[in-house]
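Trainee: I am new to this structure and would like to understand the words used for it. Could we go through them together?

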Amino acid sequence: MKKVIAIVIVSTIAVFSLQGLWMRSMYQAYTHQTIETMESALGTSIGKEISYRQKKQPFKDPKNPTFVYKRAKDMTPEERSSLKGDTLNYDELREKNIGSNMYDILLQISQDKLIEKKNYIQLHTLDSLFQAELQKAKTEARYRLLIFDKDTTVTEQTGTLAECAEATDSTRLFPIGTKGLQFVQVKVDIGLSAFLRQMLYILIASVGMVVVILGCVVYLMIVIRKKNILFKQREANLNGTVHDLKAPLNGVITLLGFLRNKQTDPSARTLMDGTIRQAQCMVSDIESLLVTARRDRQQLHLQKKETDLVELVKQAQESLSATYTGKPHLIRIENEQIPVMLEVDALYITNVLRNLIENALKYSDDGVEIRIRIRQDKIHTCLEVEDNGWGIERKYHRKIFEQYFQVPNDKEVRRRGYGIGLAFTYYIMEAHGGSIRVKSEPGKGSTFSCIFPMK
């Protein structure tokens, strides 16, 4: 449950972080668009302001100027003689940012003529024209309109932004004339308020969506928590019930053992031996189920003592051979004459061996051959259980050690296990400081290797 809460918290932080990054990106785009609008409005206002100073007709839109071109050969002698002969280096003027087109450059030349006559730009007129252009563009922002001299020193300024206030952005410098004697610039404080007003509905929808998602997640967490509590209660009751089955089964085993010793009929003794073995298998399965179910909540306490691993293998072989008398099989123990002494919990390791050998018997056809090998080096002891059964696909090699997982197999007519044997085996080997590995291919059998540390 703690992991789920952590995931929810991380996801919430990620959602709000992405929301913040998106808002920051939108604000930057809004700022860039506002600056572009102001530059366009300032250019238009400068053109209108010069037309007022020249006392000409109302200013025409600079985006649609009217020009008349004539070739020299098409002019009359009178027209050609009226030309003063002035020339313009268009490319050079563009590089100096005097103007982006011929109309702007001609307008700047007009500014030069007015400046020569000491008819300088009128800042308050320009400010009024600039405000009108901003209203047309529906742009709101506090600004300060500044005029610089050739040394980029402010000579005049006005606007809605106080002189002491800091501007966050500014337009490019607009030259007045071609000689670089005066420049105009707008410094602007693009506040969040105008941006938030434009984004109000999007923000409300976005925040509402996040709140709905978080509400759904919280609701699901509450449902999951209730289900988890109920599941733990059921699991505890089930484990308690299963644990309580061990006592009567052990009593039955003890009673059957006592009756067997008193029995003189060979057939009755054989029947009782089989019943005792089945009861012992049930006790072993119950222990495996309890150990596996408690794995995440309760540490396993091992009772280690020096034990002959070969003897444990023999006991598991004899028990399972008697249990599976109805299925033709062959179990071979290699090097069974050489004792292999290890510090292990004999009860749990016996269950591990029974699980591996029983799996080889269950998941194979009649006539299965099982080989058990024990090899040692200076630091490890390796016990291998090899069979020529059905085999396991590579994609299931890791999953088979998970609780309740069973390999899908078309050959199985009915359910042959509960998916806890290998999970129990993995847990026990891990508790002994060892490990378990598998090599298997469909149709070629399987080899399970248990690796025990020497000390």
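Mentor: Gladly, and let us start with angles: under 35 degrees counts as roughly parallel, over 145 as roughly antiparallel, 65 to 115 as roughly perpendicular, and the rest as oblique. This is a predicted model, where local features need pLDDT of at least 70 and side-chain atom pairs count only at pLDDT 80 or more, while totals for chains, interfaces and linings use all residues. Residues are numbered from 1 along each chain as its sequence is written, and side-chain values use heavy atoms, leaving out hydrogens and water.

Trainee: Why are α10 and α11 called oblique to each other?

Mentor: Helix α10 (residues 346–362) and helix α11 (residues 421–431) pack at an angle of about 140°, with their axes 9 Å apart. Axes here are lines fitted to C-alpha atoms over the stretch in contact, and angles run from 0 to 180 degrees between N-to-C directions. That angle falls in the remaining class, so α10 and α11 are oblique.

Trainee: What makes up the contact of α10 with α11, by class?

Mentor: Contact means heavy atoms within 4.5 Å. Among the residues making it are Tyr348, Ile349 and Asn355 of α10 and Leu422, Phe424 and Thr425 of α11. By class there are seven nonpolar, five polar and no charged residues. Ala, Val, Leu, Ile, Met, Phe, Trp, Tyr, Cys and Pro count as nonpolar, Asp, Glu, Lys and Arg as charged, and the others, Gly among them, as polar.

Trainee: Why does Thr158 count as buried?

Mentor: Buried means under 20% relative accessible area, exposed means over 50%, and partly exposed is in between (1.4 Å probe, protein chains only). Thr158 has 19% relative accessibility, so it counts as buried. This residue is found in strand β2 (residues 154–158). Not counting residues up to four places away in sequence, Thr158 touches Leu123, His124, Asp127, Arg144 and Leu145.

Trainee: What makes Leu192 partly exposed?

Mentor: Its relative accessible area is 48%, so Leu192 is partly exposed. Leu192 lies in helix α6 (residues 192–198). From C-alpha to C-alpha, Leu192 and Thr31 are 9.9 Å apart in space, and they are 161 residues apart in sequence.

Trainee: How do you know whether Thr447 is buried or exposed?

Mentor: Thr447 has 16% relative accessibility and therefore counts as buried. Its place is in strand β12 (residues 445–453). Leaving aside neighbours within four places in sequence, Thr447 is in contact with residues including Glu384, Val385 and Arg437.

Trainee: How many of the 455 residues are buried, as a percentage?

Mentor: Buried residues make up 38% of them.

Note on methods
Helices (H or I, at least four residues) and strands (E, at least two) are DSSP runs, numbered from the N terminus.
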